[in-house]
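Reader: I would like to go through this model with you. Could we begin with the overall picture and then turn to a single element?

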Amino acid sequence: MSEKKIGFIGAGNMATAIINGILVKKAVRPENINVFDLDSEKLELMKAKGVNTSASCSALADASDIIVFAVKPQNYDEVLEEIKSSMNEQKVFVTIAAGISIEYVRKGLGMNSPAVRVMPNTPLLLGKGATAMCRSENISDEDFDIVYKMFSLSGSVALLDESQMNAVIAVNGSSPAYVYLFAKAMADYAASVDIDEKTALELICKTFEGSAEMLRSSGDTPDKLIEKVCSKGGTTIEAMNILRDRNVEQSIKDAMAACTARAEELGK
């Protein structure tokens, strides 16, 4: 169990998911967790979990060894300005916002602080997250292991080079929305042919779960798995023909490229 003090600037869904994972697995004592948020109701919910609440961003930075920035990219500049006098090069920062690089935060703080850049996704809320991360050159193994465990307690973690961190947002960070859109279209079609919504959603979710396990465990490529479902002259091939004629695969790739481009813009 780590005795480092971990601070969260922001107490939204993602910070709450991370904190819940830490507390459930008893990886950090509640009294070693500090939280600040402008929303007093969120702070009251955190107090109920036994964690400490701070009066300001700078007070949190003063009291913490590892500081997690759980705010939107657009709010980073004001947060960095507020806490820079409370930071030093022994404190670790963790950025989880899309497009915000290690160098961006270091520039805002005016110092070469050790860091971890993280891209989690919302299934972290259920302990089924898919998180990508990279580490700075000057973070200790001990501190990095603490941050790694914070996210691995709530799902799987992949280590990448920072040069890949904007592109990976489209792969794991934003991608749950693509899945939900596909599910919505399937459910809408089911409703149009009078299939009960609850029944349809259960079938859709189980299909997604099973298909994901096939991708993970079968040893087949996505193309091979598609081929195995598509019998010649059958029903699935007719559906795939429409999707291919309408260039759905390329549309998904274009959407992912747009996601990456936006991440690049946010980090400038």
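Reader: What percentage of the 268 residues of the protein count as buried?

Author: The model is a predicted one, and in it 40% of the 268 residues count as buried.

Reader: And how many helices and strands does the protein have?

Author: There are twelve helices and eight strands. The C-alpha trace spans about 70 × 35 × 30 Å along the principal axes of the protein.

Reader: Which residues of helix α4 are buried?

Author: In α4, which runs over residues 76–83, the buried residues are Tyr76, Val79, Leu80 and Ile83. Viewed down the axis of α4, they fall within an arc of 100 degrees, so the buried residues line one face of the helix.

Reader: What about the other side of α4, which residues are exposed there?

Author: Glu78 and Glu81 are exposed on that side.

Reader: What covers the buried residues of α4?

Author: The cover includes three strands, namely β1 (6–9), β4 (66–69) and β5 (92–95). It also includes the helices α3 (57–63) and α5 (102–109).

Reader: Back to the whole protein: what share of the contacts with a separation of 6 or more comes from residues 24 or more positions apart?

Author: Such residues account for 64% of those contacts.

Reader: Now the surface. How much of the accessible surface belongs to carbon and sulfur atoms?

Author: Carbon and sulfur atoms hold 55% of an accessible surface of about 15000 Å².

Reader: And the charges: how many side chains are positive and how many negative?

Author: The protein has 29 positive and 37 negative side chains. The centres of these two sets lie 3 Å apart.

Note on methods. Residues numbered from 1 in each chain as written. Predicted model: local features only at pLDDT ≥ 70, side-chain atom pairs only at ≥ 80, totals over all residues. Heavy atoms only, no water. Buried < 20%, exposed > 50% of the residue type's maximum accessible area, 1.4 Å probe, protein only. Helix = DSSP H or I, 4+ residues; strand = E, 2+ residues; numbered from the N terminus. Arc of directions from axis to C-beta. Contact = heavy atoms within 4.5 Å. Areas by Shrake-Rupley, 256 points an atom, 1.4 Å probe, with all protein chains shown as cover. Lys, Arg positive; Asp, Glu negative; His and termini not counted. Charge placed at Lys NZ, Arg CZ, Asp CG, Glu CD.
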